[in-house]
Amino acid sequence: SYAVNGREIVRMNRREFYPANNEQRKISPELRNLRGILPWARDKTDQVKARIAKLQTRMEELADVGIVWRQPCTSKAALVVSNDLAFAGGKDRVTAFDIETGQQTLTLDVDGLARGLAIVDGNLLVSTTAGKIYCFSDAASARARETQASTTARPYAIDSWTNVYARAADEILQGTGITRGFCLIVGGERGRLAYELARRSDLKIYAVEPDVEKVEQSRIALAAAGLYGHRITVRQADLSSIPYSNYFANLIVSDSLLLTGSIPGVPTTLARHLKPAGGTIALGRPANAPGISPPADALKNWLGNIQLADHAAIATFGKWVTLTRGTLPGARNWSHQYAEPGNTANSGDQLVKGGLGVLWYGDPGPDKMVNRHQGAVGPLVIDGRMIVQGQDSLMAYDAYNGQFLWEVKNPQAIRTGVFQNRNPGNLAAGVNSLFHMAVDAG
C-alpha cells in the first residue's frame with residue numbers, strides 16, 4: 001500500500017503494517033487514560049508509570065513495523081502507482097518517487113491542483129483544477145503535451161449584428177455594474193449575447209432557448225470559442241418553465257429581445273430565479289439595433305408584472321430598463337453569534353420554516369475551515385451576504401447563490417471553543433461593515 005498525508009509519502013507492507021497499526025490503536029487510548037489518572041494515582045504512581053513506560057516502548061517498537069520506506073512529500077491531492085513509480089498530485093506539480101527506493105525521481109509542472117491521475121499505455125494523464133488535461137509521455141524529460149480544444153477568436157461571422165451585440169454587452173455590464181456571479185439569458189438564440197458578455201466579464205452564463213436547432217448552433221459556436229461548458233451553458237427548455245434553482249441569477253437579460261424586439265418568457269417565472277439583495281433584470285436594445293425597439297413604458301409594464309414591485313426598484317439608463325430586487329420581505333439578518341446584540345438566538349425572521357432543502361452547495365469547503373469539534377464561530381448573514389470565519393481568514397459569500405465575494409487573510413482572527421458558554425463569538429456585522437476581535441500578536 002501507498003499513502004500520502006501532506007507531510008510524507010509512505011510505502012507499506014500490508015501484512016505487517018495493519019496488525020501493528022491495529023495494536024497501536026488499542027494502546028493509544030490506554031496510554032491517554034493512564035496519563036490522565038497519573039496525577040491522582042497516589043500509592044499506585046509507580047505502577048502507573050511503569051505501565052506507561054512499557055506501553056511507550058511498545059509504541060516505539062511498532063512505529064516502523066511494515067514501513068518499507070517514507071519520504072517527505074507535501075502533495076496529497078491524488079496518488080497513483082505504476083510498475084516503477086509512485087506519482088503524487090499537488091499544487092502546480094506532480095511528484096514521482098521510485099517505488100523500490102522511495103527516492104524522488106522527478107517533478108512535473110502543471111497549472112492548478114493535480115486532482116486526477118491516470119496511467120495508460122505508459123503515459124501519465126493529469127487533470128487539474130485549472131481545467132487543463134496533461135499527457136506526460138516522456139518522464140525523463142518531464143515535458144508534457146497540454147491538450148485542449150482548438151479554439152477560434154471569432155466563432156460568429158462579422159455582419160450587421162456584430163457591433164449591436166458588442167454594444168449591448170458593454171451597455172448591460174456598465175449600466176448594471178454586474179460583472180461577476182451568475183447570468184441567465186432568457187431566449188438564448190444562437191449564443192451571440194452570451195459570447196459578448198463572457199468576453200467582457202467574469203460572469204458564468206446560463207442561456208435557455210426553446211429552439212433545438214438554435215441550441216445546437218450555439219453550442220458549436222461557443223465550444224469553438226473555448227467558452228462552452230465552463231463559462232457558458234446552453235439549455236434547451238420552454239421559457240415558461242426554466243429548469244434552474246431559485247434565487248441564483250445576479251443578472252437576467254434576453255438575446256431574443258435584442259434580436260427581435262419582443263420580450264420572451266413569463267414575468268412571474270423569472271421572479272423566482274432573480275437573486276434578492278441586488279439581482280437585476282436588464283431589458284432593452286442599444287441605439288444601433290435595427291428594427292423597432294419596445295418603448296421604455298412597455299418594458300416597465302412588463303417588469304411590473306413580475307410581482308416584485310413592493311421590494312424592487314425599476315430604473316432606466318439609455319435604451320434600457322432595469323429591475324433590481326431588494327431584500328426578501330420578512331427576512332432578517334443574523335448579525336452576531338446569537339442572532340443580535342441581546343444574544344436571544346432569534347433574529348425575528350418570518351420566512352424560514354420546516355421542510356428545508358438544499359439551495360446551493362460549494363465553497364469554502366472543509367480545507368479552509370476550523371474543525372467543527374473545536375467549536376468555531378458560526379457564520380453571520382447580513383443583507384444577503386454570508387460571513388464565514390476560516391482557519392486563517394475571513395470570507396464572504398452570497399447567501400443566495402454561493403458566489404464568492406471576498407477573503408481577508410487574518411490568522412489572528414480565529415476564535416474557537418464557542419460552545420457550552422466557554423467563549424463568546426468575535427464577529428459582528430453591520431450594513432456595510434464587519435467587526436472582529438483579533439488576538440494581540442504582542
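The largest pocket is lined by 37 residues, and Lys204, Tyr361, Gly362, Asp363 and Pro364 sit nearest its centre. A pocket here is an open set of points on a 1 Å grid over the protein atoms alone, with protein on both sides within 12 Å along at least five of seven lines, and lining residues have an atom within 4 Å of a point. This is a predicted model, where local features need pLDDT of at least 70, side-chain atom pairs count only at 80 or more, and totals for chains, interfaces and linings use all residues. Residues are numbered from 1 along each chain as its sequence is written, and side-chain values use heavy atoms, with hydrogens and water left out.

That pocket has a volume of about 1100 Å³ (the space filled by probe spheres set on the points, which are joined across faces, edges and corners). β5 gives the largest share of its lining, 4 residues; strands are DSSP runs of E, at least two residues, numbered from the N terminus. By class, the lining has 15 nonpolar, 12 polar and 10 charged residues (Ala, Val, Leu, Ile, Met, Phe, Trp, Tyr, Cys and Pro are nonpolar; Asp, Glu, Lys and Arg charged; the others, Gly among them, polar).

Next, the second largest pocket holds about 920 Å³. Tyr247, Leu328, Val352, Ala399 and Tyr400 are the closest to its centre among 24 lining residues.

Technical notes: On a 1 Å grid over the protein atoms alone, a cavity is a set of points where a 1.4 Å probe fits but cannot get out, and a pocket is an open set with protein on both sides within 12 Å along at least five of seven lines; lining residues have an atom within 4 Å of a point.
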